[in-house]
Amino acid sequence: MARDDYGAISVISEEEREILGIKGPRKPSDEDEEKLFETIGKAADKIGETQVGRKIGTIITVVLLALLSGGANMSIIHDYFNGEEDIGPIGGCLESNATNYNPQATFDDGSCNFVVIVYGCTDPEAVNYDPQATHDNGRCNILNQGGNNTNNNTNTNETVYGCMDIDANNYNDKAEEDDGSCDYENEENHCNHTDMYAWDGLSHGNVSRLSDNSIDFYMDFDTNCDDMDEPLPIMVYYDLVHVMVEEDEDGNKSISYDNYVYTQVFFNVSGWYEDEHWFEYEELYGVGLEEDFNDIYEGYWFYYTSYYADYNGNGDYYEEEEYVGYSTNWGDGDIEEMGWRIEV
């Protein structure tokens with residue numbers, strides 16, 4: 001009987017096992033190990049062609065090495081699974097000046113947010129508090145500040161400062177003095193023109209005639225929307241009448257019409273700004289007054305303008321509520337007082 005390295009008694013010797021044909025486990029030869037490692041390597045290469053396969057291949061390789069060579073550093077598996085992984089596309093904001101910039105994003109998903117700076121009073125206790133303000137402009141006004149029911153005089157400035165432009169993003173309806181803080185950023189959403197006016201603060205009400213030597217004049221049209229990129233189209237009918245007044249021996253006066261002409265004039269208007277939309281006779285009719293009228297320095301001149309706004313933007317000026325109004329120097333008074341004359 002033979003005794004192995006561990007001191008146990010072996011009932012059947014190796015020679016007897018060979019004679020009896022009993023084949024127990026044997027240690028692989030160097031040649032067998034080389035072939036096995038080659039097979040393992042090829043299998044790992046095939047498996048490693050995919051992302052999941054690379055992980056599986058790593059596990060198999062490390063485990064087999066541990067079994068065949070008597071041990072291996074198993075920490076490689078931990079390092080592999082806890083390292084950086086290949087991940088798919090990442091959507092995010094790629095604009096570096098955005099508040100939600102994502103440097104790890106691989107494509108821009110349109111989610112960028114940008115800071116809009118609006119200057120105004122940020123103190124909710126102030127009378128000119130602006131809830132839309134993001135930065136304080138140092139012009140907050142708190143009425144009776146420092147008051148303690150005494151008779152002490154204070155130098156408190158009770159003027160309410162703020163943006164007084166109704167078309168601005170931060171318009172303050174309590175403001176008494178504009179502080180220059182009006183903000184017009186993010187105007188990609190255009191406003192809508194819903195009202196149009198003919199300003200009546202000119203030299204002759206709704207019109208301004210700059211010289212008594214001609215009948216040319218201009219008008220100032222305004223809208224409730226300040227959008228020069230998309231102004232409001234308007235149409236104006238312009239009528240001009242030359243009236244002659246004659247007096248007989250008894251002092252009786254008679255009226256006759258020398259001539260009457262009219263045309264259409266088109267303008268684009270926007271906002272509440274003073275502008276000049278001219279009605280110049282030669283420009284509109286292509287000839288001078290002398291070509292269409294007689295004795296232009298005699299008699300009296302009357303104009304009539306009626307205006308229509310294309311609120312719907314379809315080129316039709318006669319839809320409901322698109323007639324705005326009219327202006328004229330003709331009325332119920334004395335013709336010689338109402339009418340314009342042309343001085344030589």
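In what order do the three strands of the open sheet come, and is their pairing parallel or antiparallel? Hello everyone, let's start there. The order is β10-β11-β15, and the pairing is antiparallel. Please keep in mind that we are looking at a predicted model.

In this sheet, β10, which covers 207–208, and β15 are the edge strands, each pairing on one side only. Strand β11 takes in residues 217–219, and three bridges join it to β15 in the antiparallel sense. As a bit of background, strands in a sheet pair through backbone hydrogen bonds, and they can do so in a parallel or an antiparallel way.

Now for the salt bridges. How many are there? The count comes to two. The general idea is simple: side chains that carry opposite charges can pair when their charged atoms come close.

Let's take Asp212 and Arg209 to begin with. They form a salt bridge in which the closest N and O atoms are 3.7 Å apart. Are these two partners buried or exposed? Arg209 counts as buried, because its relative accessibility is 8%, and the cut-off for buried is under 20%. Asp212, at 45% relative accessibility, counts as partly exposed.

The other salt bridge is between the side chains of Glu336 and Lys253, with 2.6 Å from N to O. Glu336 sits in helix α7, residues 335–338, and Lys253 sits in strand β14, so this pair ties together parts that lie 83 residues apart in sequence. Glu336 is partly exposed, with a relative accessible area of 31%. Lys253 is partly exposed too, and its relative accessible area is 49%.

Let's move on to the surface. Which residues gather in a patch of negative charge there? They are Glu247, Asp248, Glu249 and Asp250. To find Asp250, go to the loop between β13, which spans 232–247, and β14, which spans 253–269. Asp250 counts as exposed because its relative accessibility is 67%, and exposed means over 50%.

There is a nonpolar patch on the surface as well, formed by Tyr197, Trp199 and Trp272. Together these three have about 330 Å² of accessible area. Where is Trp272? You will find Trp272 in the loop between β14 and β15, the latter being residues 277–279. Trp272 is exposed, with 55% relative accessible area.

Finally, a word about the backbone. Which residues have a positive phi without being glycine? I have two to show you. Asp295 has a phi of about 45 degrees. Its place is the loop between α6, at 289–292, and β16, at 300–309. Asp295 is exposed, and its relative accessible area is 53%.

Glu321 is the other residue I picked, with a phi near 65 degrees. Look for Glu321 in the loop between β16 and β17, where β17 runs over 323–328. Glu321 is also exposed, with a relative accessible area of 66%.

To recap what you can look for on your own screens: an open sheet with the order β10-β11-β15, two salt bridges, a surface patch of negative charge that includes Asp250, and a nonpolar patch that includes Trp272.

Key: Residues numbered from 1 in each chain as written. Predicted model: local features only at pLDDT ≥ 70, side-chain atom pairs only at ≥ 80, totals over all residues. Heavy atoms only, no water. Patch = residues over 30% accessible without salt bridge, like charges linked within 9 Å, V, L, I, M, F, W, Y side chains within 5 Å. Areas by Shrake-Rupley, 256 points an atom, 1.4 Å probe, with all protein chains shown as cover. Salt bridge = Lys/Arg side-chain N within 4 Å of Asp/Glu carboxyl O. Lys, Arg positive; Asp, Glu negative; His and termini not counted. Charge placed at Lys NZ, Arg CZ, Asp CG, Glu CD. Helix = DSSP H or I, 4+ residues; strand = E, 2+ residues; numbered from the N terminus. Buried < 20%, exposed > 50% of the residue type's maximum accessible area, 1.4 Å probe, protein only. Pairing = 2+ DSSP bridges.
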